[in-house]
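Visitor: I'm new here, and I'd like someone to walk me through this one. Mind if I keep asking how you know things?
Guide: Ask away.

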Amino acid sequence: MNSLQQLYLQAIIKHQEQEKVKQEEQVSKQSQEILKQQQLLSLISCSPNNLMEKKAQSLIDIQNRVTQYFQQQVLRKQVVTIQNCIEYHLPYFLNVLGNLIIHGLDQIQGETEQISLLKAQYITQPIRITMSSSLFQTLSLMLRSQLVQYDKGTQYLSKFLIFRDDFCDIFFNTLYQYQITSNQQVSQQLSFTQLNSMIKKIPEDIWGTFIFKMLSQQQQKLNKDQFLVQFNQYTVNMNNFFKKSNLIFDVVENTVKQTAQMHNDSIFQEYLLIMGSFKATTQDFLKKATSVYFEEQNDEIDINEFNIRTQRIHKQMNCSILYLLPMLLQIESHMIDMIQQDRYNENTQVKNSCNYYLKMIEKLKNKCVYNGEEECNCKKCQCVRRNRNSAKESQKKKREALEKIGPLQDAYEQLQKKVKGIENENETLRQLLTEVFKHPTVSILSPEFIEPLTKVIQDTDPVQHSSSFEC
């Protein structure tokens, strides 16, 4: 091939390449035009439901950004200072949570209109605030780490039951509700309404509903196997709660150390009753509950039947063991509210009885809820089992001894009856002789035979003779 042919061939190849590039550019332009038309059609056909969906998605996005902000503060160990801007009376811990969330809204950027609407709603109607799982866990971590500065009462929230690392997930997983968007996107949310209802116990069966959801893991039915597994976990969690430091115990202990004039007997008494009831009745309750809740092995009960049977067993055992967790949440909330409202008047001299409660709590802390059952291998349970075995061995030896001396015991009782009969006969004889000697004729003759008769009686009475000899 000469040089001319080579140039011609190169020109053809180059032209083909240029045509290929033009075709690709044309296809790309057509694709972009089609995409624009589709977007325009989607905007034109956008319905109100689609707008609500965008709004719902926007709320989730805002919660995620608030969560990220607080997570950064935790990583930096930076204290967040908040001010009260809520125009609604709430339990103290909810007031702090609400102001924290509002503070978080002020710190994030974007969608200013939506954020402003949320903030205005939260200020006037904080009961409508909801939290995602990550937001609630992050806020709990901040309060546990004492990274929130609000007022003097905030320090007590570091050990508040619902914010503790061992109970935070339990409360969220039990109380959350689903929020579903129009395109079936699901979000789990914990609302202030539910938490406030738990504290006020409104409606009346809310604690029963809470416990059912916790035991059933948010299922519609609860079976026996699931009940046993979840109740055992519930027992372990509560046992650890009472063994470790907690809010009520710390308040009692600090009161004794500071010799402060604090008069809060009602809450301390209620805490002792809850703690004592848990320690004393847990195992008995479990044995009784399985027969009350589940009459047959494959029984499943719903929430209504669960509440009815819970009331029945609580009445029979005179306790409220299943409600201990919500009861503790309620009294801890009341304790913090009282501290916040400064009901402890240091100028009023009252009897400081906290030392008594401290001793009682320490005593109950050392008592294991399993009370010697084989399920637990702690030192207390080992000691209880040794004492029980020792008592059983002692009873066994006593029974064996009684079996051996049984015939002798029977013979001894028969001999006692004979002795009693002889003594009665002797007494009758003495009374008769006394009456005879009172007769005038016999009394004249008595000196002649009274002395020989006395001698005969002494000679024939070995018991009297023996007693005289011993003396």
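**How do you know?**

Guide: Let's start with Lys201, which has a relative accessible area of 23% and is therefore partly exposed. Keep in mind that this is a predicted model.

Visitor: What makes the phi of Lys201 worth a mention?
Guide: Most residues other than glycine have a negative phi. Lys201 is not a glycine, yet its phi is positive, about 55 degrees. Gln218 also has a positive phi without being a glycine, at about 65 degrees. You'll find Gln218 in the loop between H8 and strand E6 (222-223).

Visitor: And how do you know whether Gln218 is buried, exposed or partly exposed?
Guide: Its relative accessibility is 22%, so Gln218 counts as partly exposed.

Visitor: Which peptide bond is cis?
Guide: The one joining Ile202 and Pro203, where omega is about 5 degrees. Pro203 is in the loop between helix H7 (192-200) and helix H8 (206-216).

Visitor: Now the inside. Why is Leu139 called buried?
Guide: Buried means under 20%, and Leu139 has a relative accessible area of 0%, so the label holds. Leu139 lies in helix H5. Leaving aside neighbours within four places in sequence, Leu139 is in contact with Phe70, Leu97, Leu100, Ile101 and Met131.

Visitor: How do you know that the length of H5 agrees with a helix?
Guide: At 1.5 Å a residue, the 12 residues of H5 (residues 133-144) should span 16 Å, and the end C-alpha atoms are 16 Å apart, so the two agree. The buried residues of H5 are Leu135, Phe136, Thr138, Leu139, Ser140, Met142 and Leu143. After H5 comes Gln146, with a positive phi near 55 degrees.

Visitor: What makes Asp165 exposed?
Guide: The cut-off is over 50%, and Asp165 has 59% relative accessibility, so Asp165 counts as exposed. Asp165 is in the loop between strand E3 (148-149) and helix H6 (168-175). The C-alpha atoms of Asp165 and Ser140 are 8.1 Å apart, although 25 residues separate them along the chain.

Visitor: Why is the ring pair of Phe242 and Phe278 called tilted?
Guide: Rings pair if their centres lie within 6.5 Å, and planes under 30 degrees apart count as stacked, over 60 as edge-to-face and the rest as tilted. Here the centres are 5.4 Å apart and the planes 35 degrees apart, so this is a tilted pair. Phe242 lies in helix H9 (residues 224-243) and Phe278 in helix H11 (residues 265-293), so the pair ties together parts 36 residues apart in sequence. Both Phe242 and Phe278 are buried.

Visitor: And what makes Tyr293 and Phe306 a stacked pair?
Guide: Their planes are 10 degrees apart, under the 30-degree cut-off, and their centres are 5.3 Å apart, so they count as stacked. Tyr293 lies in helix H11 and Phe306 in helix H12 (residues 303-317), so this pair ties together parts 13 residues apart in sequence. Both residues are buried.

Visitor: Which residues do ring pairs link into a cluster?
Guide: Phe212, Phe227, Phe231, Tyr234, Phe285, Tyr293, Phe294 and Phe306. Phe285 and Tyr293 are also among the residues touching the most other members of the largest nonpolar core, which has 99 residues.

Visitor: How do you know whether Ser277 is buried or exposed?
Guide: Its relative accessible area is 17%, under the 20% cut-off, so Ser277 is buried. Ser277 is found in helix H11.

Visitor: Last one: what makes H13 mostly covered?
Guide: The count of buried residues does: 15 of the 17 residues in H13 are buried. The helix length agrees too, because 17 residues (324-340) should span 24 Å and the end C-alpha atoms are 24 Å apart.

Terms used. Residues numbered from 1 in each chain as written. Predicted model: local features only at pLDDT ≥ 70, side-chain atom pairs only at ≥ 80, totals over all residues. Heavy atoms only, no water. Core = buried A, V, L, I, M, F, W, Y, C linked by side-chain atoms within 4.5 Å. Buried < 20%, exposed > 50% of the residue type's maximum accessible area, 1.4 Å probe, protein only. Helix = DSSP H or I, 4+ residues; strand = E, 2+ residues; numbered from the N terminus. Expected span 1.5 Å × (residues − 1). Phe/Tyr/Trp six-rings, centres within 6.5 Å; stacked < 30°, edge-to-face > 60°. Contact = heavy atoms within 4.5 Å.
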